[in-house]
Amino acid sequence: MAQSKAVYNTLKINKNDMKVLLRIKDFSKIDGKYYCSAFNCGGYEWRICVFPKGNGVDYLSIYLNLVDSSESQNDSRIYAKFSMYVVNQVNPKYTQRKDALHVFSAQDHENGKGFLYFMPLSILQEPMIGYLVNDTLILEAEVVVSDYDSYDSKKETGYVGLKNKADFCYMNSLLQILYHIPCFRKGTVAEGTIEQLFEGHYQNSIACINVDYESTRKESFYVLPLDVKGCRDVYASLDKYVKVECIEGDNKIYVEKHGLQDAEKAVLFIDFPPVLQLQMKRFEYDSTDNTLVKINDRYEFPCQLDLDKDNGKYLSSEADRRIRNLYTLHSVLIHSGGIHDGNYYALIRPTLSDKWYKFNDERVTNEDMNWEVKEQYGGNELFRKSSNAYILVYVRKSDQDKIMYKIHKKDIPKDLKSLVAGKRPFTESMNEASKQKQKGRDSKKHARFAIKPEDANVDPTRNIYEGGPSFTKTTVICPDVMATTSSEKHEDARVVSTPNIVEGGPSFSKTTDTCFDAMAAKLLEKLEDEEAPYSVRLRDFEECVSNNSVESTVDVGIFKVPSSLESYAKDLLTSHADIGTGNSPIHDMNEVAFVLLCCALKSMDSTCFTKVTESLILKWRDAIRGAMQYGFKVDHLKDHLKSIAHAYLAKLAINSDENQELQTVEDEITVMKTQLGILETRRSEIRNKMYSELRKTCEAVAAEQFPGETYCSFFI
């Protein structure tokens, strides 16, 4: 560690707010890390740690450390908001600044929080730029400290945050934005709330220049990606989005009877959604360096966005001009940091008033719009601020009353009130509906399913893990499951892409052919067939449990289950307290059914959607039905299986020939990208060699023409 070589000044604004000024001399001679003298802020000792030659990277690295002292040896968590500045001593407007928010504990004295990639060493060390003058670096820091645990977001702002258990800051921020759109909070998938709020449409058209041919296609979007690079603001990005593109040369399109033709491609919007989501393309692949980079260019966004400007230049001829597309900024999702490190948080004005709030995981604070929001535009022409807007959410003014209405206490579901108040277990309220459904048919069910072991061809003394019993002679009530036979064809079914509510598979909530509706109706009829026979054994789930008697078993509740199923068994018993109460007179059969249910749950959880087949769906269905036979209330699994079956049906509806053709094209694209990467690497090598030779030539000429003169190699 280097000895202190800094001129050190502090300015105490108040007890919890401190400004620090450091002038570090002989900066380039410092090896390793350098600590400044400690200073007190918020009742705690702090110090700044600098790595002049980078902390394992070719960037200046700067950190804030909590000093190990007796005062800090407690269980408190300390919240620190800090900013670091590297001052440009030639032109102050190019001063580089980075901001951070972190929670420190007493154990963090050895591990500082801050910026691994503060600024490139190549820029820092170039004397003509102005960050190092006479080998002196000027570093400023501002630190604001508060006791994290004593801060009450609800008391200070009226809102609460979300805890971040493990890198969930993006999800937390997005959930807060969606939660503060009341219409979304009260809507359901069945009502089509997502489509009604977020779905817009644009017209994609291609027109040939030299022949009479034009093609148009209507497409939907939920989030609109906008270029940041080369655009000064949202309007410039939209101008670029709808700019007519010339397709010529190697990119000519093929037209039947006319061959390859020059054409113009254009995009215009048919309608914008009530809630408009704009995603800034802040991350992109740099083919020259073969790496992913973040675009930190300055990019402005308005609080009022007028998409009817310039006589509706963004709208197609099909657009309804009676709709006024004037939008108000509702929220900003922000990324602070670089590719390798960073944090997401959200700025939201929940009622569209002038009051903005920052939702940074579990901490919610009041923010000033003129400072915090406009700070997310980015940096200047030389340096780019690493904290900037990533997603913008706008609400159409004409729809504000329908979307941003006030939710009263009476609108909150009773189950949720009870859960928050801690008066009633959530599992009890979740199961109440299914209990009511079962109540009317309990007597019929028990009379029907009082099956003896011999009726199911089961030897009660055999090891149930040797393949398991079969339920081949059991008749049960069929759950809400949809299945299809492999011989049914779906050539006429055409699927329109919609938000995917089943992970791994498409949705078919929108169809364009009545043939598909008829097919679905036929499957729904099968769904309600309570007399359909079924058969399922433990060996049908070989991938979930060993098919032999040597696998160890564990006790979960009143059941013995294979150790590989322990977590799934515990999840079932935890979520559904009514499972495994031992009410059935045939406990062994209860155990068999429970083990099969755990197998089905594990199989559903681990199977990739592309591997789902009709026979596998039927296995899952039969395991669920077998469990229901003994009073296991598993309606949630029925609903989940129904969703899987819906998605499976949609998958079958896609033309297999088109899938094969698409896969072939994608394979060709992959090969081309690989070849392109090789060529770009070669280009970079040649370019570097040329520049190196040119630099040597320039230096030689300069030395010959100006002997003994000092010149700056940076400008050669």
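Me: What are the ground rules on confidence and numbering?
Reply: This is a predicted model in which local features need pLDDT of at least 70 and side-chain atom pairs count only at pLDDT 80 or more, whereas totals for chains, interfaces and linings use all residues. Residues are numbered from 1 along each chain as its sequence is written, and side-chain values use heavy atoms, with hydrogens and water left out.

Me: Which residues touch the most other members in the largest nonpolar core?
Reply: Phe541, Phe594, Leu597, Trp620, Ile624 and Leu637 do, out of 41 residues. Such a core is a set of buried Ala, Val, Leu, Ile, Met, Phe, Trp, Tyr and Cys residues joined through side-chain atoms within 4.5 Å, where buried means under 20% relative accessible area with a 1.4 Å probe, protein chains only.

Me: And which helix gives the largest share of this core?
Reply: H15 does, with eleven residues. Helices are DSSP runs of H or I of at least four residues, and strands are E runs of at least two.

Me: What is leucine 597 in contact with?
Reply: Leaving aside neighbours within four places in sequence, leucine 597 is in contact (heavy atoms within 4.5 Å) with Leu572, Ala623, Ile624, Ala627, Phe632, Val634 and Leu637.

Me: Changing topic, how do strands S28 and S29 pair?
Reply: S28 (residues 553-556) and S29 (residues 559-562) are antiparallel over four bridges; pairing requires at least two DSSP bridges. Threonine 553 stands opposite proline 562 in S29.

Me: Which residue in that hairpin takes a positive phi?
Reply: Glycine 557, near 65°, in a hairpin with two residues between the strands.

Note on methods
Buried < 20%, exposed > 50% of the residue type's maximum accessible area, 1.4 Å probe, protein only.
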